[in-house]
Amino acid sequence: QQISWSIGSALGISADLSDYREVVNTSVSDKGYVVTLQEAVVSEGTLVTNYTVQREDGQPLTWDQIPDGCLYINGEMLSPGGSGSADYLDEEETVMGIVESYQIPDGVDLSQDTAFRLSFGRIGYENSVKGKWEFAFTANGADLIAGTRRVELGKEFELPDGVKVTLDEFTCNDLEQRITFSKSGGTRYLLMVTAKNQEGKQVEFGVRSSDEKSGYMQNEEILYDGRMDDTEGNVWTMTLYAVELPEGNGQISDDYVQVGESFMLEF
């Protein structure tokens, strides 16, 4: 399972990403742990990697023994970490597979060869083991970006606090489906879009990146092969929802309210 494990299988995507991925397949050992960076896929504004971690002595891993590090692009540090998921790849729980997504800032041209460096400085969060597991590779997303389908939306809405939100564009490729949006200012409201087709299938788009001016939402169901079918003739009913973020560190409510009227997205 470790050998056949890939970004596509980790994300539950049925599409074949072999034409777009950079196979790194490099291992680094330090402090009794082996980290293997297997693949990298670059899309518009995104780098997705998958890697494994295991102990040199073959002993089982606990859930908190996940590498923590930073991503560098063309020599500049991007962020202290990305977002992703992890799972055991064997019954003995000695190999952990992690898939991680990093949001790339505007201004980085990912359609050309880009130098990446992924540097892990510790494994685990409590009683962590400090070491150095570093990987350097070059990748570009030219083919995946060129194959991205774009549908202009241009739908404007007003949130309860008066902030204007425009759903600008729907984009779709073999890796992801997203909705980009722009805003008239900062807001305490978190956005979500649902899409429902004629057969009753429904998927949700959750916010992955946002600032005071713009952001994008990603189809969360795509992780379980819940892609929106974008073949010609398919029609989806799109509905925008919002929920107010709590003050301080309070828990986010699930009480989303509909914003404005639903609209149709037809392919």
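This is a predicted model: local features need pLDDT of at least 70, side-chain atom pairs count only at pLDDT 80 or more; totals for chains, interfaces and linings use all residues.

Modeller: Residues are numbered from 1 along each chain as its sequence is written, and side-chain values use heavy atoms, with hydrogens and water left out.

Biologist: What makes β16 and β17 a pair?

Modeller: Two strands pair if DSSP finds at least two bridges between them. Strand β16 (residues 235-244) and β17 are joined by seven bridges in the antiparallel sense, so they meet the definition. Within this pairing, V235 stands opposite E266 in β17.

Biologist: Why are β10 and β17 called edge strands?

Modeller: The open sheet of eight strands runs in the order β10-β11-β12-β15-β14-β13-β16-β17, with antiparallel pairing. In it, β10 (149-158) and β17 (257-266) each pair on one side only.

Biologist: Why is a group of 28 residues called a nonpolar core?

Modeller: A nonpolar core is a set of buried (under 20% relative accessible area, 1.4 Å probe, protein chains only) Ala, Val, Leu, Ile, Met, Phe, Trp, Tyr and Cys residues joined through side-chain atoms within 4.5 Å. The 28 residues form the largest such core, and V35, L47 and W133 are among those that touch the most other members. Its largest share, five residues, comes from β2.

Biologist: Which partners does L47 contact beyond four places in sequence?

Modeller: With contact meaning heavy atoms within 4.5 Å, the partners of L47 include A40, L71, F116 and F137.

Methods: Helices (H or I, at least four residues) and strands (E, at least two) are DSSP runs, numbered from the N terminus. Buried means under 20% relative accessible area, exposed over 50%, partly exposed in between (1.4 Å probe, protein chains only).
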